[in-house]
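Subject: Structure for you to look at

Hello,

Here is the structure I promised to pass on. Please open it first, then read my notes below.

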Amino acid sequence: MRRWGSLAAGIGLILVAAVLLLLFGSQFGRPGRTIGPRSQTGRIPEAPLEFRSNGEQIYFTATSRSGEPITFRGGPAWMQMHGGSCANCHGPDGRGGIRVHMTDVVAPDIRYRTLTSAEHDEHGGDEGHPPYTDALIQRAITEGLDPAGKPLDPAMPRWSMSQRDLDDVVAYLKTLDGERGEP
Ligand code: HEC
């Protein structure tokens, strides 16, 4: 008799487990949050699937690992509607040369070495300005001013992000100096 009792208890347990699985099973197999570029107007096929640094994530997605908000003012109208990130305009390798969607402006090369080299001020004729420093790059990102204090074209959004995120973005621009994929 005892045997039948424990058998019934066993079957009962299995039934309870089955019901629980039915009720909550869908909670388990859920795919994790995939980290990748948000789908934006300018899709970036070369965007990495996983980001090696917070700076890289910000560059491609305008989101921070810290969860702190990254916002912007200005930029073209489509940015206001769909959002966007540095890579949408400056390209996945930071070399620019891409016409900003729906404007007549071409986004410049923003690799660190280009921005900070002495020749940088020769590229634009009368737009000449001294080379960038880390602090001046950060000012360009947040206030939209070139090293001479001249406002950048309004197609360049004015960004708002934490100091740490700004540091991470500039650190990322430094990694773009090498060949793709190399630090
Ligand atoms: C909607 C397009 C767009 C996006 C998005 C964008 N930029 Fe720009 N950016 C531009 C354009 C266009 C210029 C050139 C403005 C000018 O020459 O007056 C520029 C200029 C700059 C400059 C100054 C370069 C120079 O030669 O003076 C820096 C630095 C820069 N961007 C960094 C960034 C970073 C970092 C991000 C992402 C957080 C970003 N930009 C996102 C369009 C964009």
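Start with one definition: helices (H or I, at least four residues) and strands (E, at least two) are DSSP runs, numbered from the N terminus. Two notes on the source. This is a predicted model, so local features need pLDDT of at least 70, side-chain atom pairs count only at pLDDT 80 or more, and totals for chains, interfaces and linings use all residues. Residues are numbered from 1 along each chain as its sequence is written, and side-chain values use heavy atoms, with hydrogens and water left out.

**Confidence**

pLDDT is the predictor's confidence in each residue, from 0 to 100. The chain averages 82. A score of at least 70 is reached by 71% of the residues. Take care with residues 25-41, where pLDDT stays under 50. The model has 26 contacts beyond four places in sequence for that stretch. Contact means heavy atoms within 4.5 Å.

**Overall layout**

The chain has seven helices and four strands. Along the sequence, the pattern reads α-α-β-α-α-β-β-α-α-β-α. There are 183 residues in the chain, and 37% of them are buried. Buried means under 20% relative accessible area, exposed means over 50%, and partly exposed is in between (1.4 Å probe, protein chains only). Take the contacts in the chain with a separation of 6 or more: 47% of them join residues 24 or more positions apart.

**The iron site**

Which residues coordinate the iron atom of the ligand? They are His 90, through NE2, and Met 156, through SD, at 2.0 to 2.2 Å. Donors are N, O and S atoms within 2.8 Å of the metal (3.2 Å for Na, K and Ca); water is not among the atoms, so sites may look incomplete. The pair links distant parts of the chain, 66 residues apart. His 90 is in helix α4 (residues 86-90). Met 156 is in the loop between α6 (134-143) and β4 (158-160). His 90 is buried, with a relative accessible area of 10%.

The site is octahedral, with angles of 88 to 179° among the six donor atoms. For six donors, octahedral requires opposite donors over 155 degrees apart and all others between 65 and 115. Ideal angles for six octahedral donors are 90 or 180 degrees.

How many of the eight residues of α2 are buried? Eight of the eight are, so α2 is largely enclosed by the rest of the structure. Among them are Asn 54, Glu 56 and Gln 57. The buried residues of α2 pack against α4 and α7.

Ala 62 follows α2. This residue is not a glycine, yet its phi is positive, about 55°. Ala 62 is in the loop between α2 (54-61) and β1. Ala 62 is buried too, with a relative accessible area of 8%.

**Aromatic rings**

Rings of Phe, Tyr and Trp (its six-membered ring) pair if their centres lie within 6.5 Å; planes under 30 degrees apart count as stacked, over 60 as edge-to-face and the rest as tilted. By this rule there are four aromatic pairs. Phe 51 and Phe 60 are stacked, at 5.9 Å centre to centre with 20° between the planes. Both residues are buried. Tyr 59 and Phe 60 have ring centres 5.4 Å apart and planes at 75°, so this pair is edge-to-face. Tyr 59 is buried as well. Phe 51, Tyr 59, Phe 60 and Tyr 172 form one aromatic cluster.

**Helix α6**

After α6 comes Gly 144, with a positive phi near 70°.

**The loop between β2 and β3**

Met 102 is in the loop between β2 (98-99) and β3 (106-107). Its phi is positive, near 65°, in a residue other than glycine. Is Met 102 buried or exposed? Met 102 is exposed, with a relative accessible area of 69%.

Thr 103 lies in that loop too. Thr 103 is partly exposed, at 23% relative accessible area. Not counting residues up to four places away in sequence, Thr 103 touches Pro 76 and Ala 155. Thr 103 and Pro 76 are 27 residues apart along the chain, and their C-alpha atoms are separated by 7.3 Å.

Best wishes

Definitions and conventions: Four donors count as tetrahedral if all angles lie between 85 and 135 degrees; four count as square planar and six as octahedral if opposite donors are over 155 degrees apart and all others between 65 and 115; anything else is irregular.
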